[in-house]
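Work through the exercises below with the model open. Each task is followed by a solution in steps.

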Amino acid sequence: MSDAASADPAVYAGPRRILSGIQASGALHLGNYLGALKRFTALQETGAPVFVFVADMHAITVWQDPQKLADQTREIAAAYLASGLDPARSIIFPQSAVRAHADLAWVFNCVARLGWLDRMTQFKEKSGKHKERASVGLYTYPVLQAADILLYKATEVPVGEDQKQHLELTRDIAAKFNTDFGVPGFFPQPEPVIHGPATRVMSLRDGSAKMSKSDPSDQSRINLTDDADTIAAKIRKARTDAEPLPDSLDGLAERPEARNLVAIYAALANTSREAVVEQFAGQGFGAFKPALADLAVEALAPVTAEMRRLMNDPAEIDRVLADGAERAASVADPVVEEVKRIVGFWRA
Ligand code: AMP
Ligand code: TRP
């Protein structure tokens, strides 16, 4: 092990290890920023080692243009850096650059049961009506995700609400591996970290649909590449009702669009939804939306500007990713070697 690696906080980690990833497929939006990016940075500030990777192997479970994939990977890395992840403290890397992910995923494919995967709602949503035409990779996607997490023996996994079921599967795979091979406690039970006001940011056009990169309407989401005028216009046009804001959260129960805007405000302002409702009680959206637009522009402008700067300097991003891959491998490789020994694979 090199001196640099042995001095790495990730190698000699304490009891906490934080890990998460974002797929290298298409543009990032406000849901990713509030549900994931911003929270990774907050967790970094707790001092625990943070592993964040770009899930390019997950991205190819649906078709990706080979001419674009590497740039999509750089773009997610740029978003990590721009939102405040510090490559000196956190380990930022492309999933495909650390071979151990694929190795462990295969072993886990043999631990997970078909019945478990059959219950995964994200596969059902993504494969749609023509399940037989989906890739096999899309089906075993959550198994690769379990490998991503358990390779680093991660204890905390910050994600949006939509990933809860995949985290439950990860825990089931960890437990079954430990039992089947008689190695109690080898893999930990990672905790999903799903709190804060914005773990499920909804579409600006429909309060019952998640904000998503696959929504055909660009008006439904705020992209991290949108400029200030576009952000303000999208918020101004966001669907709402005609009522003023209530004086307590209970008053939002039947108002999904209003509830979503309040949650977004709270997350951007680092406060609670209760505090936002108290501040704006009795005011209409004519007052609330411009305040929200100002806040969104103020919070996102430095992030998007830094992303643009980094995307013009791919060599800098590549340096971070190559260094991160090396440090990640120094943690992951010994775990995979140990798994191979536990499973009983041949070695000389
Ligand atoms: P993905 O782009 O699907 O790889 O998602 C990356 C991260 O963003 C995951 O932690 C997701 O749970 C989170 N995320 C995606 N969409 C939303 C949303 N609308 N609200 C909150 N978090 C989200
Ligand atoms: N499936 C996650 C998503 O779509 C991305 C992901 C892949 C992930 N591997 C992970 C998230 C491991 C957390 C931990 O958002």
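**Exercise 1.** Find which strand gives the largest share of the lining of the largest pocket.

*Solution.* Strand β1 gives the largest share, five residues; strands (E, at least two residues) and helices (H or I, at least four) are DSSP runs numbered from the N terminus. A pocket is an open set of points on a 1 Å grid over the protein atoms alone, where a 1.4 Å probe fits, with protein on both sides within 12 Å along at least five of seven lines; lining residues have an atom within 4 Å of a point. In total, 46 residues line this pocket, with Q23, Q122, D162, Q163 and K210 nearest its centre. This is a predicted model: local features need pLDDT of at least 70, side-chain atom pairs pLDDT 80 or more, while totals for chains, interfaces and linings use all residues. Residues are numbered from 1 along each chain as its sequence is written, and side-chain values use heavy atoms, without hydrogens and water.

**Exercise 2.** Identify the residues closest to the centre of the second largest pocket.

*Solution.* Of its 14 lining residues, L34, R39, A42, H195 and G196 are the closest to the centre. Helix α2 supplies the largest share of this lining, five residues.

**Exercise 3.** List the contacts of I264 beyond its neighbours within four places in sequence.

*Solution.* Taking contact as heavy atoms within 4.5 Å, I264 touches L30, L34, V201, L204 and L292.

Key. Chains lettered and ligands numbered in written order.
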